[in-house]
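Please open the structure in your viewer and keep the selection tool at hand. The stops below tell you what to select next and what is there.

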Amino acid sequence: MNYAFSSPDTSVFEEMTPEYTLAVSQCSSAYTPQTSSSTLVNLIRTGDYAVAESLRKEMVDIKIPIQPHAIYERAARAILQTKGLKNRGEAFSAWLSLVPTAIEQWSSFKDIRQQLFRGSNYLNISLIMRFGLIMASKGYIAGDAQSQVLSTLTRYASPATTERYILQLETVVDRLSKTGHVEVTPEQWASIYSLVIRNQVLAGRGEHALQLARVAATRERQVTDFTFRFLLEHSPDEAFTASVHELRERISSNPYSVPDVWDKRTCSHTNTLALASHLRYLRRAIISTNPPTSYSLSDFMNAYHTTGRTRALLALRKKAFQHSHKAKSLWVMAEMLYHRSRNEPQLVLVVFAYHFHMIGVPRRTILKTMRLISKRRARLSQRTSLPKHMLNRQYDISEKLWPTPYHTALVWEALVWSTPENDHERMYKYLLAVADSSASQKPISPPDSKVVPSLVQLPKCTVDAAHFSPFVKLHAKRGRPERAAAVLRDMVRLGLSPGIVQWSIVARGFAEYGDPTIAISIIERLEDDGGSQIRVAASGNHADRAPFVLDIGLYTNVLRGFVLARNLEHAQDIERRIRQRFEYVDGELRATDDALRLLRNLERQMES
């Protein structure tokens with residue numbers, strides 16, 4: 001039977017559109033399952049570090065190989081940023097060891113370095129050593145990152161720890177050399193040893209620097225001649241000099257080259273210059289070999305702020321920070337002195353904590369004070385009453401600086417005048433521990449301490465007499481001259497020499513609040529010594545005399561103390577000493593004139 005032919009009715013169907021074609025093409029593609037390594041990479045990419053850590057451990061347990069990938073550097077940084085993590089060192093090493101080698105894919109490790117040397121409030125020597133050795137195993141032997149590790153270890157770890165690290169570094173390099181991955185040239189080894197030796201000298205460990213040079217000789221490593229000249233410049237005695245010359249002949253990379261000219265810095269006098277001329281001078285001087293002093297910079301900051309402008313200061317700061325660590329340190333010191341002159345001890349702490357490693361200072365006390373400042377700052381900002389100079393953003397830095405005794409002395413002074421009275425005794429005990437650690441070259445705390453990393457060792461001469469001055473002044477001003485004198489005894493016990501400033505404060509304290517005969521005896525003792533003081537030698541076996549000039553400030557300070565105590569007889573005695581010893585004529589010094597004016601007023605009051 002024939003059926004009637006009719007064309008199909010296409011109206012019942014939808015039109016063919018690209019949507020159908022796309023769906024068909026997607027479905028026709030074959031499914032490729034992910035490998036464990038790609039899954040691990042995706043977890044790191046999405047920031048799921050906890051699950052990634054669990055997967056990594058499982059892969060290690062069942063011995064599934066993990067392909068190197070640069071993204072694992074992100075996981076290592078996350079380990080550093082996680083607070084309260086157990087076995088942080090092992091986890092950090094595990095992730096960082098998964099990054100590619102320097103030949104496969106070079107990295108600057110910028111984020112990790114910033115977290116280790118900038119983002120943390122204390123130096124974790126163990127983590128820094130792990131970082132350096134893993135970098136070396138990846139082929140990063142000579143470069144900025146390894147130099148940063150070596151410099152920090154030399155400065156703030158014990159010499160034995162530093163020498164052990166170099167030995168481990170050589171072991172890693174030997175292993176890589178046998179496999180043909182890395183070859184370190186003699187020049188690169190010379191650079192490594194020279195850097196460590198110079199930093200040992202700067203840390204006040206000259207004998208350890210010489211010992212490291214001997215180690216370099218036994219391992220047949222060269223040392224740059226610049227380093228030997230640096231050792232000679234800081235030689236303490238003839239025996240040390242003879243040893244340096246002997247080693248110089250054996251392992252110097254360029255023996256007896258033309259010596260550098262070691263000029264002592266002199267400060268240019270710019271007080272008479274106009275502000276604009278002073279600014280032009282600072283632009284050149286701050287990056288020169290003859291920079292201005294931090295006090296002159298601080299004075300310029302004060303003078304320039306009075307004009308209501310800040311652009312030139314920001315430009316100077318940028319120039320200093322882009323030039324060198326030395327210029328940075330100079331500028332920050334000037335900023336701290338600027339806030340000190342404005343009686344802003346809290347801001348002294350803020351500036352220090354942002355720019356420097358908190359070494360040789362009470363870290364927890366500083367952080368506690370800064371947290372209080374942060375809360376107060378938020379409240380003040382809401383009322384728009386915060387001074388403009390507190391709102392300026394700090395210049396971004398990639399790593400923190402090494403503090404000098406000049407910086408830490410300002411920190412201790414700021415802490416004394418910005419913390420409660422009941423914190424002072426604890427702070428003073430910590431200062432004694434820091435001074436003893438610096439002098440004995442032993443860690444501040446035992447190895448099982450949770451407060452201070454046990455591997456941190458302070459450089460020599462971390463503490464000087466200026467660190468004790470705030471405590472001396474505190475006790476003297478608050479009517480405790482006996483305790484102020486006890487601080488001087490502690491200084492002498494630690495091998496530190498009290499200066500004329502400390503003696504003046506103690507004498508003023510006894511004149512105003514204590515036994516006046518002790519104040520007079522202090523002055524007479526200093527006069528009998530002929531302007532010299534007893535300084536206990538570091539060895540403690542003998543003492544020598546370090547001369548200092550008895551200036552009129554000592555007598556003026558004691559005179560004011562006697563006047564305020566209404567002790568007319570002793571005040572007139574001090575005036576007689578001032579007239580005779582210094583042949584003083586009224587009108588020469590404002591401070592002395594003010595004290596004498598107070599004495600005349602007291603005489604009139606006593607007569608009436």
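What follows is a tour that begins with the whole chain and then goes from one selection to the next.

This is a predicted model, in which local features need pLDDT of at least 70 and side-chain atom pairs count only at pLDDT 80 or more, while totals for chains, interfaces and linings use all residues. Residues are numbered from 1 along each chain as its sequence is written, and side-chain values use heavy atoms, with hydrogens and water left out.

**The whole chain**

Show the protein chain as a cartoon, and you will be looking at 28 helices and two strands; helices (H or I, at least four residues) and strands (E, at least two) are DSSP runs, numbered from the N terminus. Of the 608 residues in the protein chain, 46% are buried, where buried means under 20% relative accessible area, exposed means over 50%, and partly exposed lies in between (1.4 Å probe, protein chains only).

**Helix α17**

Now select residues 325-341, which form helix α17. Its 17 residues reach 24 Å from the first C-alpha to the last, close to the 24 Å expected at 1.5 Å a residue; the expected span is 1.5 Å times one less than the number of residues. Because 13 of the 17 residues of α17 are buried, the helix is largely enclosed by the rest of the structure. Just after α17, select Asn-343, which takes a positive phi of about 60 degrees.

**His-355**

Move on to helix α18 (residues 345-355), where His-355 is found. Is His-355 buried or exposed? With a relative accessible area of 1%, His-355 is buried, and its side chain reaches the backbone oxygen of Val-351 at 2.8 Å.

**Rings and charges**

Next, display the aromatic side chains, among which a search of the whole structure finds 13 aromatic pairs. Rings of Phe, Tyr and Trp (its six-membered ring) pair if their centres lie within 6.5 Å, and planes under 30 degrees apart count as stacked, over 60 as edge-to-face and the rest as tilted. One of the pairs is Phe-226 with Phe-230, which is tilted, with 6.3 Å centre to centre and 35 degrees between the planes. Both belong to helix α12 (residues 225-233) and, being four residues apart, they are separated by about one helical turn. Phe-226 is partly exposed at 34% relative accessible area, whereas Phe-230 is buried at 10%.

Select Arg-118 as well, since its charged end sits over the ring of Tyr-354, 4.3 Å from the ring centre; a charge sits over a ring if NZ of Lys or CZ of Arg is within 6 Å of the ring centre and within 35 degrees of the ring normal. The charged end of Arg-56 likewise sits over the ring of Trp-95, 5.5 Å from its centre.

Select Phe-468, whose contacts (heavy atoms within 4.5 Å), leaving aside neighbours within four places in sequence, include Tyr-428, Leu-431 and Met-491. Ring pairs also link Phe-468 into a cluster with Trp-412, Tyr-428, Tyr-430 and Phe-471.

**Helix α28**

Finish with helix α28 (residues 590-607), whose end C-alpha atoms are 26 Å apart, in agreement with the 26 Å that its 18 residues should span. The buried residues of α28 include Leu-596, Leu-599 and Leu-602, and the buried residues of this helix pack against α26 (552-564) and α27 (568-582).

Key. A polar contact is a pair of N or O atoms within 3.5 Å; within protein, one must be able to donate a hydrogen and the other to accept it, and residues adjacent in sequence count only if both atoms are side-chain atoms.
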